[in-house]
Amino acid sequence: MSDRQKTHAAAAALDYIEDGMTIGLGSGSTAEIFVRLLAERVQDGLSIKGVPTSEQTADLARELGVPLVDVDHVDHIAVTVDGADEVDGRFQLIKGGGGRHLREKIIAQASDLMVVIVDEGKLVDTLGKFPLPVEVDTFGFSIAAKQIFDGLRSAGVKQPDVHLRRKGDGLAPFITDGGNYILDCACEAIPDARAVDQALKAIPGVVEHGLFINLARVVIVGEDNQARVMEL
Ligand code: 5RP
């Protein structure tokens with residue numbers, strides 16, 4: 001997708017950052033652009049602390065000189081800025097394309113404000129074209145996979161297809177920062193995100209899924225020449 005659009009969105013998110021804030025730093029290519037722009041502000045004297053949502057983001061922030069704070073030593077996160085794989089008209093999201101959605105959700109939920117930065121291609125009428133990532137414990141993951149299939153069916157998904165995510169080599173399973181597996185669930189359409197949320201939460205072994213409901217309050221859509229800011 002367009003880096004130009006992502007850069008417009010990331011730059012507009014800087015308007016939500018103020019001196020002294022603790023900021024959740026999302027993961028993925030759009031969030032990475034935000035961290036790079038934020039680092040420039042830090043070099044110019046902005047005083048913030050970042051709480052990274054992945055090891056990758058932590059490494060990048062350290063390399064660029066963005067001060068970090070340990071998640072367990074934070075008492076207040078003002079804003080989290082993060083990307084998404086899909087965003088619908090109610091600001092419901094699918095996240096986890098990069099497999100970081102567990103930490104992303106923990107930080108987003110603990111923040112006063114979640115600002116989502118996306119290119120235009122991420123906007124959808126109905127969630128579900130992007131396969132829904134579900135992080136599961138490695139123990140008994142194939143049992144969880146069957147129960148996830150049934151749960152998705154019961155929540156109105158017609159033909160779910162549940163696959164273990166593998167690394168680039170296609171052989172070894174992808175392992176999350178938390179040491180778990182990801183089951184990618186191709187749904188085509190998710191008619192009722194809340195029903196899916198409830199169904200997945202009821203399955204032992206499911207650590208977290210990539211549906212973000214009621215978390216994003218601001219969505220910034222990068223266009224070719226500007227950013228469009230939408231607030232709930
Ligand atoms: C990682 C995520 C990312 O925010 C999402 O995959 C979007 O990534 P990108 O900005 O590279 O398109 O949820 O878990």
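Strand β6 (residues 111–119) and strand β12 (residues 216–222) run parallel and are joined by 6 bridges. Along this pairing, D119 stands opposite G222 in β12. A word on the basis: this is a predicted model, in which local features need pLDDT of at least 70 and side-chain atom pairs count only at pLDDT 80 or more, while totals for chains, interfaces and linings use all residues. Residues are numbered from 1 along each chain as its sequence is written, and side-chain values use heavy atoms, with hydrogens and water left out. Helices (H or I, at least four residues) and strands (E, at least two) are DSSP runs, numbered from the N terminus; two strands pair if DSSP finds at least two bridges between them.

**The two sheets**

β6 and β12 belong to an open sheet of 6 strands with mixed pairing, in the order β2-β1-β3-β6-β12-β13. Its edges are β2 (49–52) and β13 (227–231), each with a single partner strand, so one side of each has no neighbour in the sheet. From one strand to the next, the twist averages 20°. Helix α2 packs on this sheet and touches β1 (22–25), β3 (77–82) and β6, its direction making about 145° with that of β1. Contact here means heavy atoms within 4.5 Å, and angles run from 0 to 180 degrees between N-to-C directions, with axes fitted as lines to C-alpha atoms, for helices over the stretch in contact.

There is also an open sheet of 3 strands, ordered β4-β5-β11 and paired in the antiparallel sense. Its edge strands, β4 (86–87) and β11 (211–212), each pair on one side only. Between β4 and strand β5 (residues 93–94) there are 2 bridges, and V87 has L93 in β5 as its bridge partner.

**How the helices pack**

Two packed helices are described by the angle between their axes and the distance between the axes. Here are the values for the pairs that involve α2:

| Helix pair | Angle | Axis distance |
|---|---|---|
| α2 (residues 29–43) and α3 (residues 55–64) | about 25° | 10 Å |
| α1 (residues 3–13) and α2 | about 50° | 9 Å |

The α2 and α3 angle makes the two helices roughly parallel, whereas α1 and α2 are oblique to each other. The cut-offs are under 35 degrees for roughly parallel, over 145 for roughly antiparallel, 65 to 115 for roughly perpendicular, and oblique for the rest.

The crossing of α2 and α3 is right-handed, and α1 also passes α2 in a right-handed crossing; the term applies if the near helix is turned clockwise from the far one by less than a right angle.

Which residues of α2 meet α3? They are E32, V35, R36, A39 and Q43, and their counterparts in α3 are T57, L60, A61 and L64. On the α1 side, D3, K6, T7, A10, A11 and A13 meet S29, T30, I33, F34 and L37 in α2. That contact divides into 6 nonpolar, 3 polar and 2 charged residues. Ala, Val, Leu, Ile, Met, Phe, Trp, Tyr, Cys and Pro count as nonpolar, Asp, Glu, Lys and Arg as charged, and the others, Gly among them, as polar.
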